[in-house]
Amino acid sequence: MPGFAWAQTRRMALVALFPGEEEDDHPAAQPFFDELRRRGWVEGTNIDYERLYGRGARDYMEGLAKSAASRAPDLIYASTAAIALAVLKETDSVPVVFNSAADPVASGLVSSMRNPARNATGAYQSASDGLRRRLQLLRQAIPGVTRVGLVLDRRATESTRQRQMHEDAVRALPGLSLSVSEFTNFEAVAKLLANFRREGVQAVLPSPSVTLIGRRRDVAEAAMRNKLPIIGHRLEWAEAGALLTYGPDVADALRRSAALADRVLRGSKPAQIPVEQATRFELIINQRSAKALGISVPAELLKTADRVIG
């Protein structure tokens, strides 16, 4: 365990905010806390953690962000861009470290990647990186697929940009078309998926959204009822039941976030710490979901996966 190069006179306080349920988000975030421990932060000894979970409800999550900011801890860890933005709306002084799938500059989290210039910094794992590759993998997994559906949260940080990126990516792949369905209230998602099936959509892409990732198990169950495979952009979707996910390595991004949190806890200012962008990608295939959907994933594709669930 690394030794401290400075004198600590009290326990530090870190509030961590997550979008979903504790049973899902607690294990998913473990690499963040493991890395902090590796760097010398021992819960109950020199740091106290308070973990708050948003239950997949945007308004409830925004209330938690307000509560966390009012407590003025030494650091707030925001596990999504939407959560970080909610915190920054409430405070311009409490340090924030985020893990964002949205462009930190375009979304207003920081002034620039190299010079955040405000009380936040973090790790950026772009959901758009690898989008075309994700669609190519879908074609490998389900040969003959011609129509995919995008579930788009109109309240999400980059909703307009996400729609355009998906339209551009699909347009670049001959023989593939895209159907887009937007929602503002989560209760509409189940009906949206049922409509996709009636329209002949063969696979579903969930857009980055604090609501969708927070309620990912509900989304996966609804998609399964409609015999629609989900193709996701991060590991948590595969663990919830997506057929496959391809995107930045989540564990790597969490460890990067923890390294930044360590610097802030030791006295560095977020405004002076450049945002880090994830560079490692991973392919996860859920064989249990494939079998439930009656899909036989080609052996050559399974061999290329970083992890196979089931």
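This is a predicted model: local features need pLDDT of at least 70, side-chain atom pairs count only at pLDDT 80 or more; totals for chains, interfaces and linings use all residues.
1. Aromatic pairs overall. A search of the whole structure returns 6 aromatic pairs. In one of them, the ring centres of Phe32 and Phe33 are 5.1 Å apart and the ring planes stand at 90°, so this pair is edge-to-face. The angle exceeds the cut-off, since planes over 60 degrees apart count as edge-to-face.

2. Burial of the two phenylalanines. Phe32 has 0% relative accessibility and therefore counts as buried. Phe33 has 5% relative accessibility and is likewise classed as buried, because the limit for that class is under 20%.

3. The link from helix to strand. Phe33 also forms an aromatic pair with Tyr49, again edge-to-face, with 4.9 Å from centre to centre and 65° between the planes. This pair links distant parts of the chain: Phe33 belongs to helix H2 (residues 30-38) and Tyr49 to strand S2 (residues 47-53), 16 residues apart. Tyr49 counts as buried, as its relative accessibility is 14%.

4. The cluster and a neighbouring charge. Phe32, Phe33 and Tyr49 belong to one aromatic cluster that also includes Phe18, Tyr53 and Tyr77. Over the face of Phe33 lies Arg51, at 4.3 Å from the ring centre. Phe33 thus has aromatic partners in Phe32 and Tyr49, and a charged side chain over its ring.

5. Just after H7, Gly200 adopts a positive phi of about 90°.

6. Geometry of H7 and H9. Two packed helices are described by the angle between their axes and the distance between the axes. For H7 and H9, the axes come within 9 Å and cross at roughly 30°. That angle makes H7 roughly parallel to H9, because the class covers angles under 35 degrees. The crossing in which H7 passes H9 is right-handed.

7. Residues at the H7 and H9 contact. Which residues of H7 meet H9? On the H7 side they are Val189, Ala190, Leu193 and Arg197. Their counterparts in H9 are Val219, Ala222, Ala223 and Arg225.

Terms used
Residues are numbered from 1 along each chain as its sequence is written. Side-chain values use heavy atoms; hydrogens and water are left out. Rings of Phe, Tyr and Trp (its six-membered ring) pair if their centres lie within 6.5 Å; planes under 30 degrees apart count as stacked, over 60 as edge-to-face and the rest as tilted. Buried means under 20% relative accessible area, exposed over 50%, partly exposed in between (1.4 Å probe, protein chains only). Helices (H or I, at least four residues) and strands (E, at least two) are DSSP runs, numbered from the N terminus. A charge sits over a ring if NZ of Lys or CZ of Arg is within 6 Å of the ring centre and within 35 degrees of the ring normal. Axes are lines fitted to C-alpha atoms, for helices over the stretch in contact, and angles run from 0 to 180 degrees between N-to-C directions. Angles under 35 degrees count as roughly parallel, over 145 as roughly antiparallel, 65 to 115 as roughly perpendicular and the rest as oblique. A crossing is left-handed if the near helix is turned anticlockwise from the far one by less than a right angle, and right-handed if clockwise. Contact means heavy atoms within 4.5 Å.
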